[in-house]
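Hello,

Here is the structure I promised to pass on to you. Please open it alongside this email, and my notes follow below.

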Amino acid sequence: MIAEIGLAALWLAAGLCALQFIAGVLGVREAGAHGAVHPVSALARPAAVVQGLLLLVAFACLLRVFAVTDLSVSLVADNSHVDKPFIYRLAAAWGNHEGSMLLWVTILGLSGGLVALFERRMDDRFMKAVLAAQAFIALGFLAFLLFSSNPFARLNPPADFGAGLNPLLQDIGLAFHPPTLYLGYVGLSVAFSFVVAGLVTRQAGPELARVMRPWVLAAWVALTLGIAAGSYWAYYELGWGGWWFWDPVENASLMPWLAATALLHSVSVLAARDALRTWTIMLGVVAFSMSMVGTFLVRSGILTSVHAFAVDPERGAFILGLLAIYVGGGFGLFALRAGALAEGKRFAMVSREGALVFNNVMLSGILAVVLLGTLYPLAAEALGTRVSIGPPYYNPVSAIFAVPMLLVLLVGPLLRWKRDSLSRIAVPLAIVGALLAASVTVLVLFTDAGVLPILGLAIAVALALASWLPLRGRRLKLVPLALWGSMLAHFGVAVSLAGMASETAFSIERLVAVEAGESVALGPYQVTLQEVDPVAGPNWTALEGRLAITGGGVDTVLRPQARYFTDPPQSTSESALLTRWDGQFYAILGDAAGEGRWQLRLWWKPFVTLIWYGALLIALGGLLSIFGHLRASARSRRIREEVIRRRAEKAAL
């Protein structure tokens, strides 16, 4: 019965979504043509709210059938098991194609409902256009769910035990990584809807940017957290010791983040200075397009990846059709209306706007590098040639754009809006330049790191200082919260960059075969294999190694495991990590090597955890900026209302 309720809620949500779209279109057309609002258009906001609630009901029903392991539901039988721990039974609801799509659509519907309930900063015609665009996006994905990927399909007769969840997904990361990514993707869909409304109603000025900015910021924060969580999850779960593999599905999440980063800075310029109108609208379309490309790559079955949902070609064709409609329609509308957009205010090249434009161009260059590297092997394979593209391509080619971008980031926040001169900031510029040069010199003289790690570390040190230089000459109590957020995010970039460069430059790896009681040295530590014992978990068995770690002020035991799952049958390597302030020790237990010896794969990774600490700082900076802009917007609205009230009182007298 729960599954039927969920399916009914989906169908009702689809009907209301169609009503929302029709009401929104009528509201835009009638208001535009005659100045009067069609009565049906008044239903756009209520339809959006109720649709979001119905989708929430549908998703709650999906969680329920997974929580109780209802094996009469095909999706549960294929992706869960009666003996699975509860947290994994629950997370399995979105650890599959159909469930994750329902989560996507639910977040999409709830976002539309929130826009309908709380967004009042633009006129009614504009908001009807936003809701129509959001409904049009949701309609496509609801149709995909109902006609191609029904999550509530029944299985007759019910399964006895269930096939189980992919063991690699049986981790707390599944509870956090996909939802945060989807929040980011859907946030970009809301920004896209605002852009479409701006083009349709010809309102693409600072007001549009101020309305878009919290949504873009929220999407960017969610993508940052989702990518960081996915990176750390893969780092400790897959057992290969790396934090980024340039896997096509990893790239599928990185590309929207790059576009969203560029969009965020462009929106800020438009909101503050009424410049970059065309650039902002285009980036809004590009950012959502990248999220659609990522959706296609993950769900079309075109990729073979541990991250991808392998589905049949029919579903892939459906998603490709949606991609063509949304992306093609967005760019088509942009092409039709871009010429009519007002140019906005001009600015000098040496200005904060100029620095932001330069960095947006560099971000776009990195996006092009990643997009080409992701799609080229697919195109080559379609023509009968297998091509593998990895770090030897991505790292140096993306650095061509990343290094200049980071160098400009050192001074960009110090520049004034509209027009400035480098001579005005000569002192901080000299300090940052000297620190950068000194860092490069020290690293070249005292390390054998490569060129890119040296540049990364040196820029990270300089950026860590430069991030806080906008405070120079300011009273701290008067610094806006949004500025604190911006500075913290830039400092987070420096922290992450330092972690990436340190891990690349200074990591030590050893692959050894040892017997019980034998020791090996790695970095500052002495590692002794004490024994290997069989252990059992709730739904797995394993061989567990006991590694005594001493030296460097450490005396502890790590327990890496080689696990075996029966439902479905699969072996995994469970890493053991020792985290210190200056890095992380990483251990993997391999196969038996004969004569009582066991293979061990060991790493010492100096400062690797800075990668994820920096990502948390970036996300925290984004959250502070959201609250800062919302608070400033509320204050401005109260002031305007007070001025209007006083004028009305004065006129009445």
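Which hand does the crossing of α7 and α9 have? The crossing is left-handed, a term used when the near helix is turned anticlockwise from the far one by less than a right angle, with right-handed for clockwise.

Before the rest, a word on the source. This is a predicted model, in which local features need pLDDT of at least 70 and side-chain atom pairs count only at pLDDT 80 or more, while totals for chains, interfaces and linings use all residues. Residues are numbered from 1 along each chain as its sequence is written, and side-chain values use heavy atoms, with hydrogens and water left out.

**The helix pair**

Helices here are DSSP runs (H or I, at least four residues), numbered from the N terminus. Helix α7 covers residues 173-201 and helix α9 residues 248-273; their axes come within 11 Å and cross at roughly 45°. That makes α7 oblique to α9, oblique being what remains once angles under 35 degrees (roughly parallel), over 145 (roughly antiparallel) and 65 to 115 (roughly perpendicular) are taken out. On the α7 side, the contact (heavy atoms within 4.5 Å) is made by Leu181, Tyr185, Leu188 and Ala191. From α9 come Ala252, Ser253, Pro256, Ala260 and Leu263. Of these residues, eight are nonpolar, one is polar and none is charged.

**More on α7**

Because 25 of its 29 residues are buried, α7 is largely enclosed by the rest of the structure. Buried means under 20% relative accessible area, exposed over 50%, and partly exposed in between (1.4 Å probe, protein chains only).

- Alanine 153 sits in the loop between α6 (124-148) and α7. It is partly exposed at 29%. Leucine 75 is 78 residues away in sequence, but the two C-alpha atoms are 7.2 Å apart. Leaving out residues up to four places away in sequence, alanine 153 touches Ser72, Val73 and Ser74.
- Proline 248 belongs to helix α9 and is partly exposed, at 29% relative accessibility.
- Glutamine 20, in helix α1 (residues 2-34), is buried, with a relative accessible area of 1%. Among the residues that glutamine 20 touches are Ala44, Gln51, Leu131 and Gln134.

Best wishes

Conventions. Axes are lines fitted to C-alpha atoms, for helices over the stretch in contact, and angles run from 0 to 180 degrees between N-to-C directions. Helices (H or I, at least four residues) and strands (E, at least two) are DSSP runs, numbered from the N terminus. Ala, Val, Leu, Ile, Met, Phe, Trp, Tyr, Cys and Pro count as nonpolar, Asp, Glu, Lys and Arg as charged, and the others, Gly among them, as polar.
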